[in-house]
Amino acid sequence: MHINQRFDGGNIVCLDASDPSAVQLQIRSDVGDEHKQWFYFQVLDARDQACRFDITNAGEVSYPNAFHDYQAVASYDREFWFRVPTRYDGQTLTIEHSPETDSIYYAYFAPYSFERHQQLIAATLVSPRVQADTLCITPDGHPLTRLTIGEPASGKKVCWVIGRQHPGETMAEWWMEGFLERLLDEQDSLSRQLLEHCVFHVVPNMNPDGSVRGHLRCNAHGRNLNREWLEPSKAFSPEVYFVREAMAKTGVDLCLDVHGDEELPYNFIAGAEGIPAWNTHMAEQLNTFKSVLQTVCPDFQTEAGYPVAEPGKANLTLCTAYVAEHHQCLAMTLEMPFKDTTTTPMPTTGWSPDRCQRLGAANLDAMWQVLPLL
Ligand SMILES: [Zn+2]
């Protein structure tokens, strides 16, 4: 048996694979050593063997409690990802599974490769409604791509949608696929109408370096991009620096920042409550958006989520709080689960790429309904 992680997004350290029934593995830290949790590895030459993979540093990751009630995902073809029996004792995460073929992949969540990202950009550019530009070249040399959808014109609302500031939250880019596919569907009257009234600026992957490196939260310089919005560094967090600069040029009427949450088994939205500029109009915008999304997509709910910040206590280093305060607009953080949703569960796959895509498409309904309030 062999363990391989030498591919886009791969992350595992193999300590001992001499006994398939007691393989010893560890998760490698992001640059900067502050974070780790994402794992993604291939198992070779173990067909029909009863394998046990022990990730022995699972109790030392960024969110150790998140591994309770969690099932890892596996795939033979890297297209269909299913859940496999997984248990956790507070220190070691144990996956027990017998591969049916000579090669299988295991991961924290369905991975989203940089090749697929490039394909997504290429596919959207087929539409005459889409333009792409490169906001910067990242420290590792990847283009940071912004898609502009719809003709800019005076009076149009400006919507920014960004994802994967935290690279291990691959659900954010699966969400982008569903969102973009519906937005560019010329047969979809809602999308056509939205584009009459809005221009969309979309950054499907804010952190390509961390994505390729197999990081959970940080970029190539060890920076957590969603803590950089107040004072981004051109040298160390250029991804945020240049997106912020582009936002300053376009203005912002709505900003949606798409994430995944390691612990909570729900889809939910965190708003910008707690910023100095918070007011009843912002609250009405936020509540309208959430309530429409809940109506059109039962996978989304509004009961559970993060505690709401007290007045004046918002963390302005976060994208949502910074953008809401600076642009005096509706800004939101959408969180999806690594596990599954509790009220609409699908045990075979858990929360999955297909479900992310459908939630992404459903967000356009909420944008359409909130438009008169922007
Ligand atoms: Zn996140």
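Q: What relative accessible area makes R116 partly exposed?
A: In this predicted model, local features need pLDDT of at least 70, side-chain atom pairs count only at pLDDT 80 or more, and totals for chains, interfaces and linings use all residues. Residues are numbered from 1 along each chain as its sequence is written, and side-chain values use heavy atoms, without hydrogens and water. Buried means under 20% relative accessible area, exposed over 50%, and partly exposed in between (1.4 Å probe, protein chains only). R116 is therefore partly exposed, at 27%.

Q: Which side chain meets R116 in a salt bridge?
A: A salt bridge requires a side-chain nitrogen of Lys or Arg within 4 Å of a carboxyl oxygen of Asp or Glu. For R116 the N to O distance is 2.7 Å, and the partner is E177. The pair spans 61 residues, from helix α1 (residues 114-124) with R116 to helix α2 (residues 171-183; helices are DSSP runs of H or I, at least four residues) with E177.

Q: Why is the arrangement around the zinc ion irregular?
A: H166 (ND1), E169 (OE), E169 (OE) and H259 (ND1) coordinate the zinc ion at 2.1 to 2.4 Å, donors being N, O and S atoms within 2.8 Å of the metal. H166 and E169 are both buried. The arrangement is irregular because the four donor atoms subtend angles of 56 to 147°.

Q: How many disulfides does the structure hold?
A: A disulfide needs two cysteine sulfur atoms within 2.5 Å. The sulfur of C136 is too far for a bond, at 15 Å from the closest cysteine sulfur, in C319. For C297 the closest cysteine sulfur, in C356, is 10 Å away, again too far. The search of the whole structure gives a disulfide count of zero.

How values were computed:
Donors = N, O, S within 2.8 Å, 3.2 Å for Na, K, Ca; no water. Tetrahedral: all angles 85-135°; square planar, octahedral: opposite > 155°, others 65-115°. Helix = DSSP H or I, 4+ residues; strand = E, 2+ residues; numbered from the N terminus.
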